[in-house]
Amino acid sequence: MSRRRVAVTGMGVVTSLGETVDSFWDRLLGGVSGVSAVTRFDTTGFDVRIGGECVAFDPGRYIERREIKRLDRFGQFALAAAQEAVAMSGIDFAACDRKRAGVI
């Protein structure tokens, strides 16, 4: 079995603790809880009424307005996190082999 090297060049997050790796990490280390009462929908019929919501997330900061309606919220989170990871990596996709890059 051959081994391939992998390099983590950038990271991105969208969480209830923050939308950047730095803000997420600072709040995590500071013991801040991202869990509170759910406000985005009516929880009356549910046993659990708390969760970690991304209430301050503005998809317009990452995605063109006409594309926002075409994406589910989780897809918007993924695109925002991927943009942060690419920016952090400094990779110039015009100058590299795109088939050798990936996102997890």
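**Exercise 1.** Work out why Met11 counts as partly exposed.

*Solution.* Start with the value: Met11 has 45% relative accessibility, so it counts as partly exposed (buried is under 20% relative accessible area, exposed over 50%, partly exposed in between, with a 1.4 Å probe and protein chains only).

A quick note on the model: it's predicted, so local features need pLDDT of at least 70 and side-chain atom pairs count only at pLDDT 80 or more, while totals for chains, interfaces and linings use all residues. Numbering runs from 1 along each chain as its sequence is written, and side-chain values use heavy atoms, leaving out hydrogens and water.

**Exercise 2.** How many aromatic pairs does a search of the whole structure find? Classify two that involve Phe57.

*Solution.* The search gives three (ring centres of Phe, Tyr or the six-membered ring of Trp within 6.5 Å; planes under 30 degrees apart are stacked, over 60 edge-to-face, the rest tilted). Take Phe57 and Tyr62: at 5.7 Å centre to centre and 10 degrees between the planes, they're stacked. Now Phe57 and Phe77: the centres are 4.9 Å apart and the planes at 85 degrees, so this pair is edge-to-face.

**Exercise 3.** Where in the chain do Phe57 and Phe77 lie?

*Solution.* Phe57 is in the loop between strand 2 (50-51) and helix 2 (65-68), and Phe77 is in helix 3 (residues 73-89), so the pair links distant parts of the chain, 20 residues apart (helices, H or I of at least four residues, and strands, E of at least two, are DSSP runs numbered from the N terminus). Both Phe57 and Phe77 are buried. Finally, Phe57, Tyr62 and Phe77 form one aromatic cluster.
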